[in-house]
Amino acid sequence: MPPTKTILLTGGAGFIGSNFVRLALRTRPDLRLINLDALTYSGNLENLAGVDTDARYSFHHGDINDAPLVQRLVNEADAVVHMAAESHVDRSIMDSRPFFQANVMGTQCLLDAVRRRKGGPVRFVYVSTDEVYGSLPLNRPELKFHEGLPLVANSPYAASKAAGDLLCRAYHETFHMDIVTTRCSNNFGPFQFPEKVIPLFVTNLLENKKVPLYGDGLNVRDWLHVEDHCEAVLAVLDRGRPGEVYNIGGDNERSNLELTRSILSAMGKGEEMIQPVADRPGHDRRYAIDASKIARELGWKPTRSSWPAALESTVRWYVDNDSWWRRVKSGAYREYYARQYASRAAV
Ligand code: NAD
Ligand code: TYD
């Protein structure tokens, strides 16, 4: 079947974007993908090795704030899936400016291009995060994030993503554009930049280094395999209702201490490898997702996230892809890591 639809994907050289490219090329012969990525520190063309030669895929190195480039690519597309972002909370605490440049101004630049698209606007899927909802208490396990909650972002990262959510809402209301927003929980899987907790801890252990656990280790995250997230984004792209928000989550809540113990056990390491360190400022206590709307309306359910098998196969991926993460962990990353942990005292 020849492709019938061209998707402009932003941020396709990052963790989720590259997994989206692989999944879409493998499972969706009807789609052609244009990947627009600025190749910031977390964008890496090695994440696309082996699939970048597919005739249905093309890459454009550029910034989502480059209005003429964005307009040209939007004009060629039948839909936009917008994932490009500055994505790491700790970096946003050190310096929030790049987050507002990419996540707010970049989103606005894309929305304007879609509004002005030759031939009329097309569907725009904004990939947001559950972090826009703020934090849930540990002592109320029955509470979960649902789509009707107000946005109460607590980190500069979350604030920049929430601004993107509000822009999408505003463009839908004001210009009647076909915009759908997704809010997903924490992802895990291959090709995740090793500043995020799972690949950081796994690769530290492979280097025989300790793992820096923030605060009391009791903060809770809801973990979802990246391919489950990408399938949900495809379902929203195909069948989501214009103007709606869809939560995406794995119903897989784990404290950071539990997660750390599972990683240690998968790698045959002991608890002496845990290094408690000072907490992250403004550290959200608990994220938990009510994903019943996307299940009910679009029939999406996670199929790859069951624990501990999914975590163990992710650990194995990093063990087997030594040269990928060693290259990523060298160079500019080293400076970030040194700065980050110089400011985070052991406790
Ligand atoms: P990532 O940091 O691995 O990748 C981000 C990509 O965006 C990189 O390839 C980078 O080069 C590109 N990029 C950044 N600024 C750009 C710009 N100005 N122009 C063009 N490209 C630019 O992030 P990720 O974890 O893959 O996250 C992707 C998206 O999913 C983000 O929007 C993030 O907010 C959202 N999200 C992530 C998670 C998660 O657990 N990782 C969960 C929910 C939502
Ligand atoms: P992270 O992977 O940065 O994702 P997010 O902040 O978007 O949830 O962190 C996940 C959890 O792990 C979060 O509660 C902070 C914690 N964490 C540590 O304990 N140590 C670390 O070195 C990092 C990076 C995170």
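Which helix lies across S7 and S9? Before I answer, let me say that what we have here is a predicted model, in which local features need pLDDT of at least 70, side-chain atom pairs count only at pLDDT 80 or more, and totals for chains, interfaces and linings use all residues. Residues are numbered from 1 along each chain as its sequence is written, chains are lettered from A and ligands numbered from 1 in the order in which they are written, and side-chain values use heavy atoms, with hydrogens and water left out.

The answer is helix H7, residues 226–239, which runs at about 75° to S9. Helices (H or I, at least four residues) and strands (E, at least two) are DSSP runs, numbered from the N terminus, while axes are lines fitted to C-alpha atoms, for helices over the stretch in contact (heavy atoms within 4.5 Å), with angles from 0 to 180 degrees between N-to-C directions.

The sheet involved is an open one of 3 strands, in the order S7-S9-S11 and with mixed pairing, where two strands pair if DSSP finds at least two bridges between them. Strand S7 (186–188) and strand S11 (253–255) each have a single partner strand, so one side of each is left without a neighbour in the sheet. From one strand to the next, the twist averages 50°. S7 and S9, the latter covering residues 220–225, run parallel and are joined by 3 bridges, and Asn187 has Leu224 as its bridge partner in S9.

Let me turn to ligand 1, which has 28 residues around it, with Asp37, Ser42, Ser87, Tyr157 and Lys161 coming nearest; a residue counts here if one of its heavy atoms lies within 4 Å. As for polar contacts (pairs of N or O atoms within 3.5 Å; within protein, one must be able to donate a hydrogen and the other to accept it, and residues adjacent in sequence count only if both atoms are side-chain atoms), an N or O atom in the side chain of Ser87 is 2.7 Å from an oxygen atom of ligand 1. A backbone N or O atom of Met83 lies 2.9 Å from a ligand 1 oxygen atom, and for a polar backbone atom of Phe15 the distance to an oxygen atom of the ligand is 3.0 Å.

Finally, consider Thr129, in strand S5 (residues 123–129), which counts as buried at 5% relative accessibility, buried meaning under 20% relative accessible area with a 1.4 Å probe and protein chains only. Leaving aside neighbours within four places in sequence, Thr129 is in contact with Tyr157, Lys161, Thr182, Arg183 and Cys184.

Conventions
Buried < 20%, exposed > 50% of the residue type's maximum accessible area, 1.4 Å probe, protein only.
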